[in-house]
Amino acid sequence: MKMKKETLQRLLGSRYKFEQYLNAEEVEVLKRQAPEDFFEREAAALTAGYVKISAVLFRLNGSLRLGYDVLVRDRLDAPEWVCYDNPEDEVKLEEEEMLAVLDRVVRENGLSYTENSFRVLKGKNSKPV
């Protein structure tokens, strides 16, 4: 996976980025002592061009769980991401582990790091009332 990481870093430059917001110990503390108003929090994210994988801590059935979200966008400069999949792999907060899951989802679903994988649909614009 190290070679894949280096290849993507060369190909994507600044459009390849790994960010860790919580470490494994901090996640476990939050799981044990979850605030009442806790909804969800991103623990780590790996962005690679048109795709992204996030490790997200979320509430489910009264407890906190850690899961992956794979997101896509239609333009490299688009600020909005659309959730594409939620792989059920065991979540690891390390860059190489997250890249392995993301790469598998990209390959299995015909997604691309460097090209838009979706046809852009023109929708209706609403006007403020």
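Arg 107 and Asp 103 both lie in helix 3, four residues apart, which is about one turn of the helix, where helices (H or I, at least four residues) and strands (E, at least two) are DSSP runs numbered from the N terminus. The side chains of Arg 107 and Asp 103 meet in a salt bridge of 3.2 Å, N to O, a salt bridge being a side-chain nitrogen of Lys or Arg within 4 Å of a carboxyl oxygen of Asp or Glu. This is a predicted model, in which local features need pLDDT of at least 70 and side-chain atom pairs count only at pLDDT 80 or more, while totals for chains, interfaces and linings use all residues. Residues are numbered from 1 along each chain as its sequence is written, and side-chain values use heavy atoms, with hydrogens and water left out.

Lys 4 joins Asp 103 and Arg 107 in a network of salt bridges.

A second pair is found in helix 3, where Arg 104 and Glu 108 are also four residues apart, about one turn of the helix. Their side chains meet in a salt bridge of 3.4 Å, N to O. Arg 104 is partly exposed, because its relative accessible area is 25%, whereas Glu 108, at 57% relative accessibility, counts as exposed. An α-helix has 3.6 residues a turn, so residues three or four places apart point the same way.

Helix 3 itself covers residues 95-109, and its 15 residues reach 21 Å from the first C-alpha to the last, close to the 21 Å expected at 1.5 Å a residue; the expected span is 1.5 Å times one less than the number of residues. Just after helix 3, Gly 110 takes a positive phi of about 65°. The buried residues of helix 3 are Glu 95, Met 98, Leu 99, Val 101, Leu 102, Asp 103, Val 105 and Val 106. These buried residues pack against helix 1 (2-12), strand 1 (16-20), strand 2 (40-48), strand 3 (51-60), strand 4 (63-72) and strand 5 (82-85), with contact meaning heavy atoms within 4.5 Å. Helix 3 lies across strand 1, strand 2, strand 3, strand 4 and strand 5, and runs at about 110° to strand 3. For such angles, axes are lines fitted to C-alpha atoms, for helices over the stretch in contact, and the angles run from 0 to 180 degrees between N-to-C directions.

From the helix, the reader can turn to the sheet. It is an open sheet of five strands in the order 1-2-3-4-5, with antiparallel pairing, two strands being counted as paired if DSSP finds at least two bridges between them. Strand 1 and strand 5 are the edge strands, each pairing on one side only, and neighbouring strands of this sheet are turned by 35° against each other on average, direction ignored. Strand 3 and strand 4 pair in the antiparallel sense over ten bridges, and the bridge partner of Lys 52 in strand 4 is Leu 71.

Lys 52 counts as buried because its relative accessibility is 15%, while Glu 42, at 26% relative accessibility, counts as partly exposed. A search of the whole structure finds nine salt bridges.

Taken as a whole, the protein chain has three helices and five strands, which follow the pattern α-β-α-β-β-β-β-α along the sequence. Its C-alpha atoms fill a box of roughly 55 × 45 × 25 Å, taken along the principal axes, and buried residues make up 36% of its 129 residues. Among contacts between residues at least 6 apart in sequence, 51% join residues at least 24 apart.

Conventions:
Buried < 20%, exposed > 50% of the residue type's maximum accessible area, 1.4 Å probe, protein only.
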